[in-house]
Amino acid sequence: MIRTFQQHRLRESQLLNGLWDFVFDKDDIGLSEKWHMNFPSIHDRIPVPACWNNELGKYDYEGVAWYRTWVTLENSRHLRLLFHAVMGHADVYWDGQHLGYHYGGFTPFDFTIPNATSGIHELIIRTDSTLGHNTLPYHIVDWFHYGGIIRPVEVQHLPDVWIENMRITYDMTGDSSANVRIQLKLHSMSEKPTEVPVSFYRNNELIQNDSAYLSNKGSTELVLEQAWSDIQRWEPEDPTLYMIRAVVGQDDRTDRIGFRTVETRDKKILLNGKELYLQGINRHEEHPEWGFAFPNKLMTKELDIIRQMGCNTVRGSHYPQSEYWLDLLDEQGVLFWSEIPIWGAAFPAKETDDPLFVERAMTMMDEMIERDFHHPSILFWSVHNEIDTRSQQAYDLSIKMTELVRSKDQSRLVTFATMHPMTDICLGLFDVIGINYYGGWYFGHAEFEEMLEVFHERCNQYGAEHTPVLMTEFGGAGVHGDTGWEPRLFSEDYQADLLSKSLKLFRSDPKISGTYVWQFADTRGQLQSHLPHFRDRARSFNNKGLVNEYRKPKLAYRVVKGIYTDQTDPYDWGSTLK
Ligand code: ADA
């Protein structure tokens with residue numbers, strides 16, 4: 001399942017999950033040898049979706065790899081090939097023909113093939129996971145450089161007229177009323193002009209019948225505007241959702257929305273007009289056995305663990321996470337911070353204005369918003385993490401990114417995470433400011449107080465005196481199982497103590513609207529024996545998780561749970577002891 005609900009009832013779809021032929025192209029000779037027409041006869045087989053690094057003998061390969069599978073069609077059909085996520089560069093070939101190229105990693109892309117003939121078709125993908133100076137993320141980054149087709153590949157069968165896009169927007173006009181707008185983008189692959197019936201449904205109830213006329217191979221847009229007066233809002237404690245379905249001739253599409261407002265006032269974030277205090281964690285969608293191809297089953301358990309510890313929010317560090325995950329958050333009323341992988345701690349300012357990098361960043365942001373626009377759980381679009389926001393280049397990039405986000409979506413808050421809270425020049429550009437600061441880890445804990453004082457003053461100077469502030473990263477490493485009588489660095493005890501003190505400090509600052517502990521689970525780091533980066537990461541993991549990489553709790557989990565749930569007994573976690 002890609003979503004927790006069925007998006008199409010009429011449109012047929014086949015998932016190409018399974019074993020694909022696979023070969024590394026270490027010397028990058030595949031293009032000149034035309035592997036898209038002559039796939040090497042000696043090859044491996046590898047699961048899709050998956051990261052190749054989790055297979056034996058392939059752990060640290062970064063580079064070009066080729067995949068092949070076959071698609072059999074009983075009859076001639078129009079097809080849509082939908083790639084939910086391929087790491088890095090992807091070139092797609094259908095029966096030897098180049099269908100197109102996509103750069104990215106965590107967002108979907110697609111190709112349509114009108115009148116694909118019946119029979120067996122060869123589908124080949126050339127991927128390249130190499131990170132460099134203008135990739136997202138930058139090549140020096142604190143997570144493992146996984147490669148591969150990490151999310152499903154779908155073959156959809158399209159009728160002549162199909163729904164290319166559905167966009168639902170609304171303006172709340174009262175507590176339980178809204179003006180709703182459903183916009184359809186339709187496309188025809190027919191040789192003849194066509195008229196098709198169109199119906200709209202809300203939770204399976206017909207709300208409008210209409211029709212659309214399309215010229216031969218033409219496109220059109222159709223808009224339905226209605227005033228609804230019986231709405232229940234999406235609230236964290238009662239996350240009411242509405243299924244909106246459009247049926248156009250023989251095609252259909254369902255999406256799901258929730259009605260809510262989000263705004264800021266005097267340093268506060270208001271959801272449905274009520275003040276929010278955010279209690280959160282940072283979550284990488286990563287696991288040592290699956291890499292980024294995170295299984296749905298584990299997401300359910302992960303969310304249970306996160307909710308049980310009293311979180312009402314998750315920061316999706318540092319890239320667009322699975323749609324399935326976002327669906328779960330929508331259903332359970334957990335708020336989400338979503339971002340693209342501009343990870344800047346080691347990203348020199350002078351490289352952040354590389355035109356190719358900027359173009360890729362804008363495209364990825366655009367694709368993320370397009371994909372996730374309807375999720376009520378998403379409150380924040382974050383445009384970058386820890387870039388050098390003391391520089392003019394970062395300022396210019398922030399302007400471009402915030403303009404893009406605001407032009408696409410005014411129903412959410414635009415934000416970023418700064419690692420330079422005392423010297424940042426971009427503070428005035430955002431709706432919300434996130435601070436990443438590692439007092440007690442990379443420097444003394446006492447520095448938090450001084451930092452916050454200088455930072456709050458700086459907000460006044462930079463026109464951010466009313467902007468809400470979140471502590472988006474803080475914490476320290478605790479190696480699972482390392483406990484003792486003294487709070488040594490890297491012990492569970494030190495980590496728990498540090499988080500407890502930090503949380504108490506932030507929670508007593510009325511100018512801070514919430515906290516995201518770094519991080520939920522330990523994650524693989526990118527350590528290489530010949531490179532200097534991240535040498536303090538024991539076991540080649542970032543050990544700042546509240547749970548280890550297999551989601552086993554550390555002392556810090558119980559301590560943070562105690563604070564977030566206001567419980568005196570943080571060990572009360574559903575024991576079955578009689
Ligand atoms: C940064 C970064 C995280 C992680 C963290 C750390 O703030 O955003 O991805 O690398 O530091 O553990 O140092």
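A pocket here is an open set of points on a 1 Å grid over the protein atoms alone, where a 1.4 Å probe fits, with protein on both sides within 12 Å along at least five of seven lines; lining residues have an atom within 4 Å of a point. A volume is the space filled by probe spheres set on the points, which are joined across faces, edges and corners.

I am working on a predicted model, where local features need pLDDT of at least 70, side-chain atom pairs count only at pLDDT 80 or more, and totals for chains, interfaces and linings use all residues. Residues are numbered from 1 along each chain as its sequence is written, and side-chain values use heavy atoms, with hydrogens and water left out.

I looked up the second largest pocket. Its volume is about 510 Å³. I found 26 lining residues, with Thr169, Tyr170, Phe373, Asp409 and Ser411 nearest the centre. Strand S11 gives the most to this lining, six residues. (Strands are DSSP runs of E, at least two residues; helices are runs of H or I, at least four; both are numbered from the N terminus.) Domain 2 (161–257) and domain 3 (274–564) each give this lining at least three residues; the domain bounds come from an automatic or database domain assignment.

I then turned to the largest pocket. Its volume is about 1,200 Å³. Among its 42 lining residues, Arg80, Leu82, Glu164, Asn165 and Arg253 are the closest to the centre. S11 again has the largest share, six residues.

Last, I checked a hairpin. S20 (262–265) and S21 (268–271) pair antiparallel over four bridges; pairing takes at least two DSSP bridges. Glu263 faces Leu270 of S21. Two residues separate the strands, and Asp266 in the turn has a positive phi of about 45 degrees.
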